[in-house]
Amino acid sequence: MKKPSDAVIWLVYTLFVFSFFVQLTDLVSAIYRTFGMIAVQLMIFYANMQVFLPKYFKSNISKYVGGNLFLLIISFFVNNLVLFNAPEGANYDIAFSHTSLTYVKSWWVDMIWMTTAPSILCILISLVVYSYRKAQVADKRKLMLIESEKAFLLMQINPHFLFNTLNNIYSMTIMNDPKGSEAIIVLSKMLDYSLYMSRQKLVRVEKEIAYINNFINLFLLKDEDIENIYFNYEHVKKGMKIPPMLLIPFIENAFKHGDVDKDTQGFVHIKMFSENNHFYFTCLNSFSKNKVIDCRKEGIGIKNVARRLELLYPEKHNLEISQDGNVYLVKLDLDLS
C-alpha cells in the first residue's frame with residue numbers, strides 16, 4: 001500500500017485542528033488560530049527535517065537546541081502577529097472559556113498553550129519522523145549493499161576471460177612452451193585473490209595492483225607483440241585500502257571492447273596515483289566501432305561498480321565515464337579520508 005504523502009498528512013492534520021478550534025470558538029477565530037498554528041508548525045517541522053536534524057543533531061547539539069529555541073521565539077511572535085491582525089469580530093477570548101479548560105483564560109497562559117506547547121510537540125515529532133526515515137534509508141542501503149555484493153561475487157572472474165586464458169594455456173602446453181606453467185601460476189594467484197581476498201571489505205591497493213598486472217600478463221599470452229599497454233602506479237601511497245575488485249571491471253572492459261590486440265594504433269593506458277587521502281584512477285582505451293562483442297553482458301560490470309561506489313562512498317567519490325570518437329575514458333576519484 002502506497003504511503004500517504006506529506007501534503008496529504010498535513011491537510012488531514014489541518015482539518016483536524018480546524019475542527020477542534022471551531023468547536024471552541026467562532027468561525028473566524030478558528031480559521032485564524034488554525035492558520036497561525038499550522039504555518040508555525042510547518043516552519044518548525046521542515047527547518048528541523050532539512051537543516052537542524054541532518055546537520056547539527058549529532059555533530060553540534062548546542063546549535064540544534066539554539067536553533068529550535070530561536071524557532072520557538074519566532075513561532076510565539078508569528079502567532080501573536082496573526083491573532084492581533086485578525087479582523088474585528090474574531091472572538092479569541094471565548095476560546096476554551098466555555099469548556100472545562102477555563103484556566104487558560106489568561107492571555108499569557110493562552111499564548112503559551114496555543115503556541116509553545118504545539119511547537120515543542122512539533123519538534124519532538126520531527127525528531128521521531130527523521131529517525132524513522134533515516135532508519136528506513138539505512139535498511140534500504142544495507143539491502144542494496146547485500147544485493148550488490150552478491151552480484152559482485154558472481155562476476156569475480158569473467159567466464160569469457162577465463163575461457164580464453166585456459167585455451168591459451170592449453171595451446172602452450174601442447175607446444176611444450178615453458179610459459180604455460182608460468183601462466184598457470186599467475187592464473188592460480190588471480191583465482192586465489194578472487195576467491196579469498198575479495199571477501200574482505202578492504203584490501204591494500206598493492207593487492208589490487210598485483211591482480212591487474214596478472215590480468216595484463218595473461219592477456220599478453222595471446223600475442224607477445226601487443227604494444228601500447230601502459231600501467232602506471234608509481235605515485236600510489238602504499239598501504240592505502242580500497243574495496244577488492246573495484247577497478248578490474250573497468251580494465252576488463254578496456255581490453256574486452258578495445259582494439260589493442262587488433263590494431264597497431266590501439267592502446268590501453270591505465271594510471272593510478274594518490275594525493276591527500278584521495279585515490280585517483282584513469283583508464284583510457286581505443287576501440288573499434290566495428291568490433292563484434294557479446295552485448296548481453298555489456299555494461300553489467302560497470303553498473304555494478306557504480307552501485308558499489310554509491311553504497312560504499314556516498315558523496316565521497318566522483319566517477320566520470322566518457323567517449324570521444326573511438327576513445328573511451330574512465331576517471332575515478334575516491335575520498336578515502
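User: Which residues do ring pairs link into a cluster with W10?
Analyst: This is a predicted model, where local features need pLDDT of at least 70, side-chain atom pairs count only at pLDDT 80 or more, and totals for chains, interfaces and linings use all residues. Residues are numbered from 1 along each chain as its sequence is written, and side-chain values use heavy atoms, with hydrogens and water left out. Rings of Phe, Tyr and Trp (its six-membered ring) pair if their centres lie within 6.5 Å; planes under 30 degrees apart count as stacked, over 60 as edge-to-face and the rest as tilted. By ring pairs, W10 is clustered with Y13, F45 and Y46.

User: How are the rings of W10 and F45 arranged?
Analyst: Their centres are 5.6 Å apart. The planes stand at 75 degrees, so this pair is edge-to-face.

User: How far apart in sequence are the parts that W10 and F45 tie together?
Analyst: Helices here are DSSP runs (H or I, at least four residues), numbered from the N terminus. W10 sits in helix 1 (residues 6-24) and F45 in helix 2 (residues 27-56). So the pair ties together parts separated by 35 residues.

User: Is F45 buried or exposed?
Analyst: Buried means under 20% relative accessible area, exposed over 50%, and partly exposed in between (1.4 Å probe, protein chains only). F45 has a relative accessible area of 6%, so F45 is buried.

User: And Y46, what does that residue count as?
Analyst: Y46 forms an edge-to-face pair with F45, 5.0 Å centre to centre and 85 degrees between the planes. Its relative accessibility is 30%, so Y46 counts as partly exposed.

User: At what angle do the axes of helix 1 and helix 2 cross?
Analyst: Axes are lines fitted to C-alpha atoms, for helices over the stretch in contact, and angles run from 0 to 180 degrees between N-to-C directions. The two axes come within 9 Å, and they cross at roughly 145 degrees.

User: How many nonpolar residues does the contact of helix 1 with helix 2 have?
Analyst: Ala, Val, Leu, Ile, Met, Phe, Trp, Tyr, Cys and Pro count as nonpolar, Asp, Glu, Lys and Arg as charged, and the others, Gly among them, as polar. Alongside 3 polar and 2 charged residues, the nonpolar count is 14.

Notes. Helix = DSSP H or I, 4+ residues; strand = E, 2+ residues; numbered from the N terminus.
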